[in-house]
Amino acid sequence: MSGLAGDYGSALYSAAMSENLTERIYNELTELEDAFAKEPQYLKLLSAANVAKEERLKLVDDCLGGKVHPYVLNFMKLLAEKSIATHYGDCVKAYRERYYFDNGIMPVTAVTAVPLSDSQSKKLTEKIASLSGKKIILTNKVDPSCLGGVKLSYDSKQIDGTVSHRLKEVSELLKQDASGTT
């Protein structure tokens, strides 16, 4: 991640790392990210140039003061002061990327036609962990159009073992054969 959000997220990670607080800060940032997803207007308010800086900082203090680590509080104040709080999610993404890298965590998305059972999720997670040597955070997304099988996305890679993908491959082979090319 590059740019302003990447710089801010990385700087917060470096500060947290120097104090051995990366996990705590990660957890607090994630909780706030969930809360902001439910109330996106809050970040817009903290970024509004027509709201005085002092008022934006007071809003952060009133909402988060005493509830989060001072690093997180000051981070939010910095975003509010600079009127860039709407970039919070990108800052967290940059923090998360460094946190995952340093802790050997790999997020994996499994797209299936129907939701994976707990047993299937566990087996898939264990299999990917044994192959990658990393801790796996598995997210299951349902897409009925894949018909069956699973499509895995991780580390900018995709493995498509869905029925719909296989049918497309067969269709392409048949088209090539029909046109006389091999």
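Asp 61 is partly exposed, because its relative accessibility is 32%. The structure is a predicted model. In this model, Asp 61 forms a salt bridge with Lys 77, and the closest N and O atoms are 3.0 Å apart. Asp 61 sits in helix α4 (residues 53–64) and Lys 77 in helix α5, so the pair ties together parts that are 16 residues apart in sequence. Lys 77 is also partly exposed, with a relative accessible area of 21%. The cut-off for buried is under 20%.

**Other salt bridges**

How many salt bridges does a search of the whole structure find? The search finds five. One of them joins Glu 33 and Arg 96, with an N to O distance of 2.5 Å. Glu 33 belongs to helix α2 and Arg 96 to helix α6, so this pair ties together parts that are 63 residues apart in sequence. Arg 96 counts as buried, because its relative accessibility is 18%.

Another salt bridge links Arg 24 and Glu 28, whose closest N and O atoms are 3.0 Å apart. Both residues lie in helix α2. They are four residues apart, about one turn of the helix. Arg 24 is partly exposed at 42% relative accessibility, whereas Glu 28 is buried at 13%. Side chains of opposite charge can pair when their charged atoms come close.

| Salt bridge | N to O distance |
|---|---|
| Arg 24 – Glu 28 | 3.0 Å |
| Glu 33 – Arg 96 | 2.5 Å |
| Asp 61 – Lys 77 | 3.0 Å |

**Helix α1**

Helix α1 covers residues 3–18. At 1.5 Å a residue, its 16 residues should span 22 Å. The C-alpha atoms at its ends are 22 Å apart, which agrees.

Which residues of α1 are buried? They are Ala 5, Gly 6, Tyr 8, Gly 9, Leu 12, Tyr 13 and Ala 16. These residues cover an arc of only 170° around the axis, so they lie on the same side of α1. On the other side, Asp 7 and Ser 18 are exposed.

What do the buried residues of α1 pack against? Their partners are α2 (22–38), α5 (70–81) and α6 (88–102). Helix α5 holds Lys 77, the partner of Asp 61 from α4.

After α1 comes Asn 20. The phi of Asn 20 is positive, near 60°.

Technical notes
Residues are numbered from 1 along each chain as its sequence is written. This is a predicted model: local features need pLDDT of at least 70, side-chain atom pairs count only at pLDDT 80 or more; totals for chains, interfaces and linings use all residues. Side-chain values use heavy atoms; hydrogens and water are left out. Helices (H or I, at least four residues) and strands (E, at least two) are DSSP runs, numbered from the N terminus. The expected span of a helix is 1.5 Å times one less than its number of residues. Buried means under 20% relative accessible area, exposed over 50%, partly exposed in between (1.4 Å probe, protein chains only). The arc is that of the directions from the helix axis to the C-beta atoms. Contact means heavy atoms within 4.5 Å. A salt bridge is a side-chain nitrogen of Lys or Arg within 4 Å of a carboxyl oxygen of Asp or Glu.
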